[in-house]
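Reader: I would like to learn how the words used for a protein model are tied to numbers. Could you take me through this one step by step?

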Amino acid sequence: MAAAAQPGEKLPSTRALASRFGAGPVTVQRALAQLVAEGVVETRAGLGTFVRRRAATPRADVSWQTAALGPERSGPSPIGSSMRQVPHDTIAMHSGYPDADLLPMREVRSAFGRVVRRGHDDAFRRPPTAGVPELRRWFVDDLGLDGWRDTDAVIASGGQAALAATFRALAGPGDAIVMESPTYWGAISAARQAGLVIVPVPRTDGAPSAADLDDAFASSGARLLYAQPTFANPTGDVWSAQQRDDVLSVARDRGAFVVEDDWAHDFAIEPGPKPLVCDDTGGHVVYIRSLTKSLSLTVRVAALLARGPARSRIENALTVSDLYVAPVLQAVALDVVTRAAWRTHVQRLHRELRSRRDALLTALAVGAPMVEVPRPPRGGLNVWASLPAFGADGAPVDPDLVAARALAGGLSVSPGGEWFPAEPTGPFVRLNFAAAPPERYDEAVAILVAAL
Ligand SMILES: Cc1ncc(COP(=O)(O)O)c(C=O)c1O
C-alpha cells in the first residue's frame with residue numbers, strides 16, 4: 001500500500017488497516033514501525049501516519065545468495081537498534097550518542113578551520129600506522145599512567161574498530177570470550193563475527209563475581225574477558241574497589257586478558273574510579289577509550305593502550321583492516337582536547353548528564369510506576385529500565401513489541417534483548433537521556449506506558 005501511495009498521503013488508521021488486510025493490530029503496528037524505521041512513512045503526533053516516499057520495489061532476485069552465504073555467524077540482527085535513523089520529530093531515546101547540544105560543536109568547527117589553515121603540517125601527511133605521536137601521548141598523559149610511553153598507545157577510528165580488532169587479534173574462531181551480561185551489543189556482534197564463543201557471566205552487584213568469572217574461564221578455556229568496569233553500557237554500573245581487585249586477580253591467575261572498554265570516560269555523573277588499566281602491572285588489561293561520543297560523532301578517534309606482544313598483534317589487526325586513521329581527524333581531536341575549553345566542556349557534560357538523568361528518573365517514577373530502575377546509573381548516557389513481567393492484558397511483556405509500538409507512537413527506545421549475549425533474564429528497555437531533550441521526557445514516558 002505504501003508503495004502505491006503518493007508522498008504526503010495519509011494512511012488509514014491501524015484499525016482500518018487491520019480489517020482491510022485481515023491482520024491483528026499488533027501485526028499492523030509492527031509493519032508500521034518497520035516502515036517508520038525504513039523512512040517510508042512517518043507518524044505525526046495526533047494526526048496519523050503519512051507516506052514520506054514511495055517504498056522501493058525490489059528488482060534483483062538475490063535468493064541464490066542464501067545458499068551461497070550459509071548461516072550468518074553474527075546472528076540475524078548484528079547491528080543494535082541504537083544505530084537506527086529515526087524521523088526528526090521522534091523522541092530518540094534509542095541512540096548510542098549524546099545530542100549535538102551536549103557536544104563542543106563550536107570548538108570542533110574551529111579546530112577544523114585551524115587544521116585546514118595550517119595546511120602544511122602533519123594533518124596532511126600520512127601518519128604512522130599507530131597514530132600521531134602527540135595524540136597518543138595525550139591519551140597516556142590524560143590517564144596519569146606512570147611508566148607508560150606514547151608507543152604503548154594505538155589510535156583507532158572509534159572504540160568499535162578497536163574492540164573488534166582486539167577480539168580478532170587475541171582470539172581465533174572457536175575460542176571462548178567471557179562477557180558481562182547484559183553488555184554492549186557491538187561487543188557481542190564483534191565477538192560473533194570473529195567466530196568467538198561468548199560465555200556470559202552475570203553482573204552480581206554491578207560486576208561479575210570472582211567465583212563466576214573463575215568458573216567461566218576454567219570451563220571454557222577462555223583467555224579473554226570483555227568488560228566495562230566504569231559506567232557500563234547499558235546498566236550504568238561501576239565496579240567497587242574489591243570487585244576490581246577480584247577480577248584482576250582472577251585474570252592474573254588464569255593468564256587472561258581483560259579488554260577494558262572505558263566508553264564513558266567523559267560521562268561521569270557521580271565521580272568514578274580510575275580506569276582498571278591504572279592498577280595493571282602485568283600487561284593483562286587492554287584499554288580502549290573513544291572520543292567519538294564526547295568530542296564529536298564526526299571525528300571518529302579512539303585510543304587503545306596495551307603492552308607486550310598483545311599490543312603489536314592488535315596494532316597489526318587494526319593496520320590490516322584500516323591502514324591508518326585519517327590524519328586530519330587526529331589533528332582535529334588533538335587540537336580540541338589540548339585546549340582549556342575541553343575541560344570546561346567535560347565539566348558541563350557531567351552537570352548536564354546529572355540533571356537529565358535525574359529528570360528522566362523522576363518522569364519515570366511519576367508517570368510509569370510499573371517500570372523499575374534496578375540501579376540508577378552513576379554515569380553514562382542511559383537508564384536501564386525493567387518492564388513489568390506481564391501487561392495489563394495478562395500477557396507476558398515483550399520488549400521488542402513495546403519498542404515497536406513506542407516507535408509507532410513517536411518514541412524510539414532500545415529493546416533489552418539485544419544487550420544480552422544469551423537469553424534475556426527479564427524484559428528491559430534502555431533509555432538514553434542524553435539524546436533526547438528533557439522537555440520531552442514526560443511525553444516519552446506517556447508513550448512508553450501506552451506501548452506497555
Ligand atoms: C560500550 C560501548 N563501547 C564502544 C562503543 C563504540 O563507540 P565508537 O566506535 O563510536 O567510539 C559504543 C558505542 O555505542 C559503546 O556503547
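Author: Gladly, and let us begin at the ligand. Of the 13 residues around the ligand, those that come nearest are Gly96, Gly158, Gly159, Gln160 and Ser290. Please keep in mind that this is a predicted model, in which local features need pLDDT of at least 70 and side-chain atom pairs count only at pLDDT 80 or more, while totals for chains, interfaces and linings use all residues. Residues are numbered from 1 along each chain as its sequence is written.

Reader: How many residues of each class does the shell around the ligand have?

Author: The shell has three nonpolar, nine polar and one charged residues. For these classes, Ala, Val, Leu, Ile, Met, Phe, Trp, Tyr, Cys and Pro count as nonpolar, Asp, Glu, Lys and Arg as charged, and the others, Gly among them, as polar.

Reader: Now the whole protein: why is it called as compact as a globular protein of its length?

Author: First, its parts: the protein has 14 helices and 14 strands. Helices (H or I, at least four residues) and strands (E, at least two) are DSSP runs, numbered from the N terminus. The radius of gyration is 23 Å, close to the 22 Å that the globule rule gives for 452 residues, so the protein is as compact as a globular protein of that length. The radius is taken over C-alpha atoms, and the rule is 2.2 Å times the number of residues to the power 0.38. Along its principal axes, the C-alpha trace spans about 70 × 55 × 55 Å.

Reader: Why is Phe231 called buried?

Author: A residue is buried if 20 or more other C-beta atoms (placed from the backbone) lie within 10 Å of its own, exposed if 12 or fewer, and partly exposed in between. Phe231 has 26 other C-beta atoms within 10 Å, so Phe231 is buried. This residue lies in the loop between β7 and α9, and its phi is near 55 degrees, a positive value in a residue other than glycine. Across the protein, buried residues make up 47% of the 452 residues.

Reader: And what makes Asp205 partly exposed?

Author: Asp205 has 13 C-beta neighbours inside 10 Å, so it counts as partly exposed. Asp205 sits in the loop between β6 and α8 (210–220), and its phi is near 55 degrees, positive in a residue other than glycine.

Reader: How do you know that Val108 is partly exposed?

Author: Val108, a residue of helix α4 (residues 105–118), has 19 other C-beta atoms within 10 Å and is therefore partly exposed.

Reader: Which residues does Val108 touch?

Author: Not counting residues up to four places away in sequence, Val108 touches Leu295, Ser296, Val299, Val332 and Val336. Two residues are in contact if their C-beta atoms, placed from the backbone, lie within 7 Å. Between Val108 and Ser296 there are 188 residues of separation in sequence and 7.4 Å in space, C-alpha to C-alpha.

Reader: How do α2 and α13 pack?

Author: Helix α2 (residues 25–37) and helix α13 (residues 399–408) pack at an angle of about 65 degrees, and their axes are 8 Å apart. Axes are lines fitted to C-alpha atoms, for helices over the stretch in contact, and angles run from 0 to 180 degrees between N-to-C directions. The residues in this contact include Val26 and Leu32 of α2 and Leu401 and Leu407 of α13. By class, the contact divides into nine nonpolar, one polar and two charged residues.

Reader: Why is the crossing of α2 and α13 called left-handed?

Author: A crossing is left-handed if the near helix is turned anticlockwise from the far one by less than a right angle, and right-handed if clockwise. α2 passes α13 in a left-handed crossing, whereas α6 passes α10 in a right-handed one.

Key: Near = placed C-beta within 6 Å.
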